[in-house]
Amino acid sequence: KLAEILTCLHSRDLLPPTLSKEDVEQVNKHVAWRWFENLSHPVLAKSAMWKFANKMVEDMEHKVECVKREDESTGEEHIEEPLLCIYSAHDSTLIGLLCVLQLEQPESWPEYGSYLKAELIQEEKDGDSKEVLQHWVRFSLNGQVLRSTWTNEPADMVPLSKLSEMIHSEHDIYCEHTGSKLFTWKNGALVHTKSQ
């Protein structure tokens with residue numbers, strides 16, 4: 001709450017004289033660090049943002065299928081899928097999405113009006129065949145490309161198939177003291193593991 005209040009006061013030039021722009025930036029950096037730290041575990045990130053991230057991935061997969069059907073079409077009419085999907089969310093939702101999508105952290109908390117762009121890119125075979133080799137997803141925050149950590153090496157783009165696989169993968173949380181499994185992320189839900 002403090003970060004929000006300070007940001008609002010700063011944006012309206014109403015900060016008390018004892019606080020500087022640098023103080024506001026430090027508070028915002030700390031808040032961003034806490035959010036990223038709290039959501040750094042895949043199970044916690046998925047618990048917070050799985051439905052939203054899954055919807056984004058499903059929309060991309062659906063678009064790929066619609067384009068494929070159009071290419072194979074025999075003249076039948078198909079409902080055309082939109083080329084652009086817009087989702088509106090809070091700044092904290094953007095942080096949650098960055099975590100669940102395993103994207104690099106921005107230098108500071110997203111400002112008001114920030115946007116996360118997910119581009120679906122079709123890779124085609126060279127030449128006249130127009131054969132589709134693979135679909136890729138590139139993410140950017142406010143125009144700055146965010147590298148993905150879904151693959152072994154951080155990359156500017158991630159294959160859509162890999163993104164889908166990772167969004168749907170299972171994860172476990174273990175007790176630090178006993179080593180026993182506490183929770184499992186499975187089929188879009190956090191499941192408590194019963195003690196044995």
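Among contacts in the protein chain (heavy atoms within 4.5 Å) between residues at least 6 apart in sequence, 49% join residues at least 24 apart. The structure is a predicted model, in which local features need pLDDT of at least 70 and side-chain atom pairs count only at pLDDT 80 or more, whereas totals for chains, interfaces and linings use all residues. Residues are numbered from 1 along each chain as its sequence is written, and side-chain values use heavy atoms, with hydrogens and water left out.

The protein chain contains five helices and seven strands. Helices (H or I, at least four residues) and strands (E, at least two) are DSSP runs, numbered from the N terminus. Along the sequence, these elements follow the pattern α-α-α-α-β-β-β-β-α-β-β-β. The radius of gyration, taken over C-alpha atoms, is 21 Å for the protein chain, while a compact globule of 196 residues would have a value near 16 Å; the globule rule is 2.2 Å times the number of residues to the power 0.38. Along the principal axes, the C-alpha atoms fill a box of roughly 70 × 55 × 30 Å.

Of the 196 residues of the protein chain, 29% count as buried. Here buried means under 20% relative accessible area, exposed over 50%, and partly exposed in between (1.4 Å probe, protein chains only). The protein chain exposes about 13,400 Å², of which carbon and sulfur atoms supply 51%; accessible areas come from the Shrake-Rupley method with a 1.4 Å probe, and for residues only the protein chains shown count as cover. The protein chain carries 20 positive and 33 negative side chains, and the centres of the two sets lie 6 Å apart. In this count Lys and Arg are positive and Asp and Glu negative, with His and the chain ends not counted; the place of a charge is taken as NZ of Lys, CZ of Arg, CG of Asp or CD of Glu.

In the helical part of the protein chain, Asp13 lies in the loop between helix H1 (2–11) and helix H2 (21–38). Although Asp13 is not a glycine, it has a positive phi of about 55 degrees. Asp13 counts as exposed because its relative accessibility is 70%. Arg34 is found in helix H2 and, at 47% relative accessibility, counts as partly exposed. Between the C-alpha atoms of Arg34 and Gly143, which are 109 residues apart in sequence, the distance is 24 Å.

Phe52 is found in helix H3, and its relative accessibility of 22% makes it partly exposed. Not counting residues up to four places away in sequence, Phe52 touches Tyr87, Ala89, Thr93 and Leu97. Cys85 is found in the loop between helix H3 (42–71) and H4, and counts as partly exposed at 38% relative accessibility. Cys85 and Glu104 are 19 residues apart in sequence, and their C-alpha atoms are 23 Å apart in space.

Eight of the 10 residues of H4 are buried, so this helix is largely enclosed by the rest of the structure. The buried residues are Thr93, Leu94, Ile95, Gly96, Leu97, Leu98, Cys99 and Val100. Gln102 lies in the loop between helix H4 (91–100) and strand E1 (116–124). Just after H4, Gln102 takes a positive phi of about 50 degrees, although it is not a glycine.

Towards the end of the pattern, strand E5 (residues 171–174) has a covered face, His171 and Ile173, and an uncovered one, Asp172 and Tyr174. In a regular strand the side chains alternate between the two faces of the sheet. E5 and strand E6 (residues 181–186) pair in the antiparallel sense over four bridges, where pairing requires that DSSP finds at least two bridges between two strands. Within this pair, Ile173 has Phe183 of E6 as its bridge partner. The hairpin of E5 and E6 has six residues between the strands, and Gly179 there takes a positive phi near 80 degrees.

E6 also pairs with strand E7 (residues 189–192), in the antiparallel sense and over four bridges. In E7, His192 is the bridge partner of Phe183. Two residues stand between the strands in the hairpin of E6 and E7, where Asn187 takes a positive phi near 55 degrees.
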